[in-house]
Amino acid sequence: MRMYTSEITPEMDGKVVKLFGWVHEVRDHGGLIFLVLRDREGFAQITLPKKVVSKEVFNTARSLKRESVVAVEGKVKAEPKAPNGFEIIPDIITLLNEAEAPLPLEVTEKVPAELDTRLDYRFMDLRRPKVQAIFRIRHQVMQSVREFLSKEGFIEVNTPKIVSTATEGGTELFPISYFEKEAFLNQSPQLYKQVLMGAGFEKVFEIGPIFRAEEHNTTRHLNEAISIDIEMSFTDHEGVMGVLERLIAKICEDINQKCSKYLDLLGIKLEIPELPLPRITYEEALKMAKSKGEEIPWGEDLSLQALKAIGEEINGYYFIVDWPTDAKPFYVMPHENRPEISKSFDLMHSWLELASGAQRIHRYDVLVNRIKAKGLQPESFGFYLDAFRYGMPPHAGWGLGAERLLMSLLDLKNIREAVLFPRDRQRLVP
Ligand code: ATP
Ligand code: MG
């Protein structure tokens, strides 16, 4: 029976175990060989004193190339000097697949490599325990999202990624050919999740790819990202902000509880944010930025410099609310008493935008006017607009970038660290 390295303890002294994994390191001291075996859970020291193990096993160990795949069967021996307090004295070592040498990339943490090289040989890079830790935590984040939203009554849906209409009329779209028609990769599930409110689901969520033809190369933009989206009927922006902040707190709690091993590996201590999260208005944000020498004219989006200035003032998670209506997409609901600002919000972590959301316009005529005011053609939104003509409830929602969320949780400096195989302006392979 195969065991993981993490399942073995010094108390199992004398027990025979079988391990599978990679040859992380071989240290040959002549009469004594140390073989470090790595599996997805950690490491085990395989100790081969020449006088104790068979000649065949000793010679096999001596000839092993690093990163080869092996099976090791042997006895557990309690050894206070070994990592984790045990070593394995092997009876059998089977070479399952030999790795070529030299390796294209170091798996031990001894030689740091450039991110580009790491991404070129991502399959090797991903073997590094610290890199694996990111994706083990990512898995838990997704589990927590599904569990939390399901408990809150949301159902998971999937909407088309091949579409004929630009979500927000922007230019950041990848065109594709769809038989004899032109189509695009969807930049957001926005229109579809709103249509699903018209379909009577009331609470939906989607975890799926969004595609954005961003020309610029930044440490926080990808051309293919994963978005966690919700849409909810009979509520307003405040209602869905509540869902979002509770979700963030729940994710932090779950990660702390269930991923402490991986947090330790990454040297991260997660603080559970206190709720409700701080809220500042767009206008307060402008003032904070201005006090630090970053002046933004009213109505414009906050620049990265402005956000960095604000991020110096507010730590952790917070909302920026009441954005100018014209700075947001056509579907955001203006405030009744002050229509130049909208019932919209961004969730921030320091300077980084994690999510955008709003209460949506649910009245057909108002929506058509907003589409026109943005210089877009209502005709190209036919299927979307139809859903507003026959009983559309008031509704609100948000979209949360999964990779940005991971950046904020794990203090990653580049969004590419949070993606197995990132797509950016230069990178289409692997
Ligand atoms: P930004 O201003 O930071 O480029 P945005 O306002 O254009 O983001 P939204 O359309 O509001 O992005 O999308 C909702 C969320 O999806 C964002 O808050 C972010 O977390 C994520 N997201 C959007 N675009 C990207 C991208 N190119 N790469 C990674 N994540 C993205
Ligand atoms: Mg946004």
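Which elements cover the buried residues of α5? Among them are β11 (203–211), β12, α11 (382–386) and β17 (395–401). Before you start clicking, two housekeeping notes. This is a predicted model, where local features need pLDDT of at least 70, side-chain atom pairs count only at pLDDT 80 or more, and totals for chains, interfaces and linings use all residues. Residues are numbered from 1 along each chain as its sequence is written, chains are lettered from A and ligands numbered from 1 in the order in which they are written, and side-chain values use heavy atoms, with hydrogens and water left out.

**The whole chain**

Zoom out. The C-alpha atoms of the protein chain fill a box of roughly 85 × 55 × 40 Å along the principal axes. The chain has 12 helices and 17 strands; these are DSSP runs, helices being H or I with at least four residues and strands E with at least two, numbered from the N terminus. Of the 430 residues in the protein chain, 51% are buried (buried is under 20% relative accessible area, exposed over 50%, partly exposed in between, with a 1.4 Å probe and protein chains only). Take the contacts (heavy atoms within 4.5 Å) between residues at least 6 apart in sequence: 65% of them join residues at least 24 apart.

**Stop 1**

Select 190–198, helix α5, where Gln190, Leu191, Lys193, Gln194, Leu196 and Met197 are buried. Just after α5, Gly200 has a positive phi of about 90 degrees.

Now pick Ser233 in strand β12 (residues 224–233). Ser233 is buried, with a relative accessible area of 6%. Leaving out residues up to four places away in sequence, Ser233 touches Met197, Glu202, Pro393, Pro394 and His395.

**Stop 2: α4 and its partners**

Show α4 (residues 129–151) and α6 (residues 237–258) together: their axes come within 9 Å and cross at roughly 135 degrees. Axes here are lines fitted to C-alpha atoms, for helices over the stretch in contact, and angles run from 0 to 180 degrees between N-to-C directions. The two helices are therefore oblique to each other; angles under 35 degrees count as roughly parallel, over 145 as roughly antiparallel, 65 to 115 as roughly perpendicular and the rest as oblique.

Which residues of α4 and α6 meet? From α4 come Ile137, Gln140, Val141, Ser144, Val145, Glu147, Phe148 and Leu149, and from α6 Val243, Arg246, Leu247, Lys250, Ile251, Asp254, Ile255 and Lys258. By class, that contact of α4 with α6 holds 9 nonpolar, 2 polar and 5 charged residues. (Ala, Val, Leu, Ile, Met, Phe, Trp, Tyr, Cys and Pro count as nonpolar, Asp, Glu, Lys and Arg as charged, and the others, Gly among them, as polar.)

The contact of α4 with α12 has 9 nonpolar, no polar and 2 charged residues.

**Stop 3**

Select Ile280 in strand β13 (residues 279–281). Ile280 is buried, at 11% relative accessible area. Val321 sits 41 residues away along the chain, yet the C-alpha atoms of Ile280 and Val321 are separated by 6.1 Å. Helix α9 (residues 304–313) has buried residues too: Ala306, Leu307, Ala309, Ile310 and Gly311. Their cover includes β13, α8 (282–291), β14 (317–321) and β15 (344–349).

**Stop 4: the metal**

Click on the magnesium ion (ligand 2). Its protein donors are Glu353 (OE) and Ser356 (OG), lying 2.2 Å from the ion. Donors are N, O and S atoms within 2.8 Å of the metal (3.2 Å for Na, K and Ca), and water is not among the atoms, so sites may look incomplete. Glu353 is partly exposed at 31% relative accessibility, and Ser356 is partly exposed at 26%.

Most residues other than glycine have a negative phi, and most peptide bonds are trans. Against that background, find Glu67, with a positive phi near 75 degrees. Finally, select Ala101 and Pro102, joined by a cis peptide bond with omega about -5 degrees.
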